[in-house]
Amino acid sequence: MTSSAEEVATGERRSASDVVGMVVLVACAAWSLITAAAHEGRPEGMLLAVLAVTAGYAAGRISAALLPVAAPCAAAAAGLGLAIATPGPQISLQLGHTGATAALLTLSCGAACCAAWAARAAAPRFALRLAAAGTAVTAALLGSTTGVVTCTGVLLCSLATARVHHRALGLTGFAAGTALVTGATWAIGEDALPGGLTASLEGLLTEHRVLLWHDALRMARTDPGLGVGPGRYGALSPTVAQSLLPDGKPHSAPLQQAAEQGLTGVALLAAAFCWVLYALLRSPRPTPIVLTAGAALTAVAAIASIGNALSFMTVTAGAGLLAGFATARPLAPAEPDGVRAGADGSTVTSIRE
């Protein structure tokens, strides 16, 4: 009876997180249409991103319920292939491709680590972790320094989750880390950091990218309520007009939202990320899988804060897919023996007779 009560409570919480996600995604789509109508913008990019996240999340939930190990394995292989096929960082002016490569490798590493935790035998678990380590090696071969750092970080976080019993603390840390990176990006765009630190960061980020951020915040101050309209940043940015290979993007997801959809757009972007963390908190999967996915998605959020990764549908769909893997309820018990998710999101050890 106690087990049945826990399952009912867990089901109710999962339904609540699904409703919250639906509301947030619909609000993101609706706000892009509102701001586009106000300034004759083009909301197609945001609408496609919302569609990609929704489709990826649904596909992840369904496929991981049927194949909790094979589904993330296939996704990891597909992500690795897409990252290799994406034009690499050697094209220095195409900053967006650099971020997309790092994000795809990070998602691939996270999917492989989730599959490793879902595997019950030691041999496939070791092989999958070796494959996850291979994504960092691939990032190095592709020249993606960011990819090396994020893939290594996700792998180390995944290994460390074996000793974590309460996921709430870890997810709170991921939220704080994302907020810190976003705040630093905003401060650089506003020239609010000390001169020496700003110069050092500009050397890493490139002066061109920082100028793009200055333009984005200038537009945000012009109309903080509605922004300049979706898709209109490129037409109004002096830096883009002077670029040799312009792509019309500020290469920062929160700053692009601030420029094109105002502070409400930024709040909705933050709400979407918070919803993902909330869904992970209420997930029936074991804590190691949840925190591994959270680490990978946080790394992608950090990449998107300083790059153009979310402009690629493969990245947005992949992020939704990984979140779906980590929140699915497998139809057959595929978790390690003696481990299950507790009603409060903690890892509970049980004894099987």
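1. Asp215 and Arg218 are three residues apart in helix 9, so about one helical turn separates them. In this predicted model, their side chains meet in a salt bridge, with an N to O distance of 2.7 Å.

2. Arg221 is exposed, with a relative accessible area of 52%, while Glu190 is partly exposed at 37%.

3. Which residue pairs with Arg61 in a salt bridge? The partner is Asp18, and the closest N and O atoms are 3.2 Å apart. Arg61 counts as buried, its relative accessibility being 19%, where the cut-off for buried is under 20%. Asp18, at 29% relative accessibility, counts as partly exposed. The count of salt bridges in the model comes to three. In general, side chains of opposite charge can pair when their charged atoms come close.

4. Helix 1 spans residues 2–39 and includes Val23. On the surface, Val23 forms a nonpolar patch together with Val19, Met22 and Val26. The accessible area of these four residues together is about 370 Å².

5. Is Thr185 buried or exposed? Thr185 counts as buried, because its relative accessibility is 3%. This residue lies in helix 7 (residues 167–189). Leaving aside residues up to four places away in sequence, Thr185 touches Trp213, Ser252, Leu255, Ser305 and Ile306.

6. The cysteines form zero disulfides by the distance rule applied. For Cys151, the closest cysteine sulfur is that of Cys109, at 4.8 Å, which is too far for a bond; the cut-off for a disulfide is 2.5 Å. Cys151 counts as buried at 1% relative accessibility. Cys274, by contrast, counts as partly exposed at 46%.

7. As for the chain as a whole, its secondary structure comes to 14 helices and two strands. Of its 353 residues, 49% count as buried. The accessible surface comes to about 15,500 Å², and carbon and sulfur atoms account for 70% of this area. Among contacts between residues at least 6 apart in sequence, 78% join residues at least 24 apart.

8. The mean pLDDT of the protein chain is 86, and 86% of its residues reach 70 or more. Over residues 88–95, pLDDT stays under 50, and the model has twelve contacts beyond four places in sequence for this stretch. Residues 334–353 also have a pLDDT below 50. For residues 334–353, the model has 48 contacts beyond near neighbours in sequence.

Terms used:
Residues numbered from 1 in each chain as written. Predicted model: local features only at pLDDT ≥ 70, side-chain atom pairs only at ≥ 80, totals over all residues. Heavy atoms only, no water. Patch = residues over 30% accessible without salt bridge, like charges linked within 9 Å, V, L, I, M, F, W, Y side chains within 5 Å. Areas by Shrake-Rupley, 256 points an atom, 1.4 Å probe, with all protein chains shown as cover. Helix = DSSP H or I, 4+ residues; strand = E, 2+ residues; numbered from the N terminus. Buried < 20%, exposed > 50% of the residue type's maximum accessible area, 1.4 Å probe, protein only. Contact = heavy atoms within 4.5 Å. pLDDT = per-residue confidence, 0-100.
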